[in-house]
Amino acid sequence: GQFPHKILSLPNLEKLNLQGTGLTNIPLKIDQLTHLKELNLAGNHLSLFPHEILSLSNLEKLSLKNTHLTSIPFEIDQLSQLIELDLSDNRLNEFP
């Protein structure tokens with residue numbers, strides 16, 4: 001599946017649920033969603049951690065459950081507002 005790019009024109013969006021939509025990547029321009037507080041990408045086949053997410057400085061809840069991830073970048077600490085992080089059902093080999 002492809003990321004619905006029309007969503008990027010909603011700068012005040014605070015919650016985005018794309019669970020199980022068949023996504024394989026996240027667009028670089030997701031950083032335009034500066035007010036995003038909750039992002040659910042569970043059940044997609046991302047394989048690699050989408051580094052684009054690291055620019056979402058207001059993010060409080062992030063679900064990457066069952067996304068086939070094997071690692072999480074050290075830069076995850078850039079998400080300083082993050083309260084809830086779901087990485088369950090992945091094959092994580094390393095965790096910062």
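**Exercise 1. Locate Asn40 in this predicted model and decide whether Asn40 is buried or exposed.**

Solution. Begin with the secondary structure: Asn40 belongs to strand β2, which covers residues 38-40. Next, consider the accessibility of Asn40, whose relative accessible area is 18%. Buried means under 20%. Asn40 is therefore buried.

**Exercise 2. Determine which residues Asn40 is in contact with, leaving aside its neighbours within four places in sequence.**

Solution. The contacts of Asn40 comprise Leu16, Asn17, Leu18, Gln19 and Ser63, once neighbours within four places in sequence are left aside.

**Exercise 3. Describe the setting of Leu18, and state how far apart Leu18 and Asn40 are in sequence and in space.**

Solution. Leu18 is placed in the loop between β1 (15-17) and β2. Its relative accessibility is 6%, so Leu18 counts as buried. Although Leu18 and Asn40 stand 22 residues apart in sequence, their C-alpha atoms are 5.8 Å apart in space. The residues touched by Leu18, not counting those up to four places away in sequence, include Asn40, Leu41 and Ala42, as well as Phe3, Pro4 and Ile7.

**Exercise 4. State how many residues the largest nonpolar core has, and examine the contacts of Leu39.**

Solution. The largest nonpolar core has 25 residues. Among those with the most contacts inside this core are Phe3, Leu16, Leu39 and Ile53. Turning to Leu39, and not counting residues up to four places away in sequence, the residues it touches include Leu16, Ile30, Ile53, Leu56 and Leu59. Leu39 also touches Lys61, Leu62 and Ser63.

**Exercise 5. Identify which residues make the nonpolar surface patch of about 260 Å², and classify Leu85 and Phe95 by accessibility.**

Solution. The patch is made by Leu85, Leu92 and Phe95. Leu85 is part of strand β4, and its relative accessibility of 33% means that Leu85 counts as partly exposed. Phe95 lies in the segment after β4 (84-86). Exposed means over 50%. Phe95 has 54% relative accessibility and therefore counts as exposed.

How values were computed:
Residues numbered from 1 in each chain as written. Predicted model: local features only at pLDDT ≥ 70, side-chain atom pairs only at ≥ 80, totals over all residues. Heavy atoms only, no water. Patch = residues over 30% accessible without salt bridge, like charges linked within 9 Å, V, L, I, M, F, W, Y side chains within 5 Å. Areas by Shrake-Rupley, 256 points an atom, 1.4 Å probe, with all protein chains shown as cover. Salt bridge = Lys/Arg side-chain N within 4 Å of Asp/Glu carboxyl O. Helix = DSSP H or I, 4+ residues; strand = E, 2+ residues; numbered from the N terminus. Buried < 20%, exposed > 50% of the residue type's maximum accessible area, 1.4 Å probe, protein only. Core = buried A, V, L, I, M, F, W, Y, C linked by side-chain atoms within 4.5 Å. Contact = heavy atoms within 4.5 Å.
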